[in-house]
Amino acid sequence: MVLLLTVKMQRALRRIGTRVRTLLIFGVIFMAILVFQVATWKPESDMSAPLAVSRRTGDGEAGAGRASHRPAPGAAPVRQASSPRLDNEVVWGERPRETDKVFSEIRKSNQPESSPLQTSPLAETGGKSNTTSLPLLNTVFLLGMNVSYMGCYHDNVLPNRRALQDDFFADYRRMTIEKCLAHCRRKGLYYVGLEFGGECYCGKNIHAVPVPTRECNMTCPGRHTSRVTCGGVARIAIYRMDQKALEKIHKERLKQRAIPIPTIADSYRGCFRITTAPEQISPSPPWQDDRLSPVRCVQRCTTKLFTLAVMGNFTTCQCANVTAGFRISNASGDENCNYPCAGNEEQRCGGPGHASIYRTNVEDVRCSHQEFIVPDHSRRLIALASFPGSGNTWVRHLIEKATGIYTGSFYNDGDLYLKGFKGERENWRRGNTIVVKTHRHDEEHIQTFDGAILLIRNPYRAIQAEHNRRLAGHTGLAGAKSYWTQEWVGYVKGGSQTWANTALEWIKHCKKLFVIHYEDLRKDLIGQIKRILTFLEVPVSEERLLCVETDKDGKFKRRRHLDFDPYKAEMHEAIDIFIRSVGMALQLNNLTKIPQEYYPHDPV
């Protein structure tokens with residue numbers, strides 16, 4: 001039987017021909033090789049694109065120490081002949097050989113080191129700059145969009161020669177790439193740069209030249225296990241957000257925010273009873289205007305360099321400053337100013353024995369001088385402690401105006417620094433600022449201070465204020481829809497407990513504590529400021545108190561509040577328990593009692 005089959009195959013092959021037999025043999029050999037390669041193939045370990053690592057040693061707030069470099073789990077070191085490196089050094093930014101098999105790795109701050117976040121493959125398009133053509137290197141997915149690492153660049157420390165020049169903030173203790181990206185995203189700026197381990201820069205163009213990637217060798221302090229570089233000394237690590245995604249997100253955020261356009265109403269200080277003769281109010285004589293309106297009066301007084309515009313009797317405008325004979329600390333009810341303005345009947349220009357007063361943009365020269373205390377450590381280390389949203393920044397403004405001494409901060413907020421809080425960048429331990437802002441409430445931190453001012457605000461208002469700041473900045477307002485989310489429910493639950501813990505821990509552990517309530521400051525500004533200055537052992541300057549009265553709100557006043565209660569019944573129940581706990585602790589320690597208004601449903 002076998003012999004018969006063999007004969008038949010030989011006859012068939014003769015009929016096919018020599019050329020076809022040759023092609024058939026090569027095809028069989030090729031298929032055998034392909035099957036063997038598929039069965040034995042393994043991915044190459046050096047074909048991942050890990051992120052750059054550089055970690056400083058030391059206390060985290062004093063400068064750079066030795067840099068250590070660790071490879072990503074399972075990734076082999078990448079080496080280049082033109083740029084020799086240590087065997088265990090890995091760098092984010094080197095182009096691998098096969099881009100269709102490469103994925104970058106990045107750490108989430110709340111993930112263990114063994115759980116990297118998988119990212120999108122390398123893109124092949126490039127970003128543009130007005131100075132150089134930039135290749136697009138590794139791309140990762142963060143904050144809902146693709147973020148590409150552009151490389152390490154030399155940065156000039158002169159303000160007008162920075163690599164990224166449109167916006168800036170710093171946080172040398174908690175900076176992460178996500179925090180910097182979120183800041184620049186709010187500003188609508190797609191180039192993001194990190195430098196000196198804790199400085200964040202934003203821009204629409206890059207004004208710098210690239211340097212070797214290894215020169216950006218500082219780890220972001222907010223994420224010590226991350227393989228993301230936060231630049232170096234005069235070296236800025238630049239990232240680029242996807243511009244189309246950024247524009248879409250920016251438009252959506254603008255729709256959600258309820259940020260009103262500033263109007264003349266934002267300058268309104270209130271309706272005040274006037275018992276002083278016009279010539280005693282101000283050396284500037286009253287101006288009669290048949291078309292009087294708040295805008296016209298404020299414009300006139302701004303031109304004459306006065307801080308206040310005083311309107312009454314339908315047509316009278318007088319420019320003034322606060323003086324010992326003309327005070328505006330206690331406003332009357334707005335119903336007392338019922339005279340329509342001659343130039344706009346919908347607005348009010350005073351009333352019987354009352355005047356409508358507006359603030360101009362003129363700076364009161366009596367409070368323009370401020371300086372650091374020198375030499376270092378010449379003052380006691382005093383904390384200005386509070387739960388976020390309690391008015392800490394506002395009270396810092398009042399203290400600086402009343403004393404002429406800068407306040408410091410544990411956080412080093414670049415946004416506040418640019419707004420005029422020059423003590424923000426001072427080392428908080430140096431003792432050259434009058435108080436130090438902090439929201440921490442752990443015992444070790446509390447014990448580092450010689451004393452503290454504990455600022456307490458109604459938790460219902462404080463939690464809502466911090467919610468606004470988190471979503472819309474220092475003066476913006478979160479949209480109404482944000483109060484119907486699980487994020488808001490979770491924040492109220494955690495925030496109310498933190499509010500209570502902040503007060504209780506400072507009461508328990510602080511060496512010398514002075515308690516002041518936000519609501520008391522609003523009702524009796526000058527009296528409460530005098531109490532603060534007495535605790536700080538600073539002489540009271542009546543002239544400075546006058547300009548505090550002129551500019552009591554500062555630059556961070558929110559213009560309106562919600563017209564509905566965002567707290568559910570179960571939230572009220574939980575928050576009221578925390579209020580009673582704090583109230584009892586204050587009473588047992590003979591500290592200032594909680595105001596009655598903190599208890600919305602039951603008496604103290």
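Cys-202 is buried in this predicted model, because its relative accessible area is 0%, under the 20% limit. Its disulfide partner is Cys-184, with the sulfur atoms 1.9 Å apart. Cys-184 lies in helix H3 and Cys-202 in strand E9, so the link ties together parts 18 residues apart in sequence. Cys-184 is buried too, at 0% relative accessible area.

Cys-180 counts as buried at 0% relative accessibility. Cys-200 is likewise buried, at 0%.

The count of disulfides comes to eight. Three of them are set out below.

| Disulfide | S to S | Angle about S-S bond | Hand |
|---|---|---|---|
| Cys-180 and Cys-200 | 2.0 Å | 80 degrees | right-handed |
| Cys-184 and Cys-202 | 1.9 Å | -75 degrees | left-handed |
| Cys-297 and Cys-317 | 2.0 Å | 85 degrees | right-handed |

Cys-297 and Cys-317 are both buried.

**Strands**

Strand E22 (residues 451–456) is mostly covered, with six of its six residues buried. Side chains in a regular strand alternate between the two faces of the sheet. In E22, Gly-451, Ile-453 and Leu-455 point one way, while Ala-452, Leu-454 and Ile-456 point the other way. Strand E19 (residues 382–386) pairs with E22 in the parallel sense over five bridges. There, Ile-382 stands opposite Gly-451. E22 also pairs with strand E23 (residues 513–517), again parallel and over five bridges. Phe-514 in E23 is the bridge partner of Ile-453.

Strand E11 (residues 235–241) holds Ala-237. Is Ala-237 buried or exposed? Ala-237 counts as buried, because its relative accessibility is 0%. Its contacts beyond four places in sequence include Tyr-149, Val-192, Leu-194 and Cys-216.

Helix H11 has 24 residues (486–509). At 1.5 Å a residue, H11 should span 34 Å, and its end C-alpha atoms are 34 Å apart, which agrees. Its buried residues include Trp-488, Tyr-491, Trp-499, Trp-506 and His-509.

Ser-482 sits in the loop between helix H10 (459–472) and H11. Ser-482 is buried, with a relative accessible area of 14%. Beyond four places in sequence, Ser-482 touches His-467, Leu-471 and Trp-488. Cys-510 also counts as buried, at 11% relative accessibility.

Notes. Residues numbered from 1 in each chain as written. Predicted model: local features only at pLDDT ≥ 70, side-chain atom pairs only at ≥ 80, totals over all residues. Heavy atoms only, no water. Helix = DSSP H or I, 4+ residues; strand = E, 2+ residues; numbered from the N terminus. Expected span 1.5 Å × (residues − 1). Buried < 20%, exposed > 50% of the residue type's maximum accessible area, 1.4 Å probe, protein only. Contact = heavy atoms within 4.5 Å. Pairing = 2+ DSSP bridges. Disulfide = S-S within 2.5 Å.
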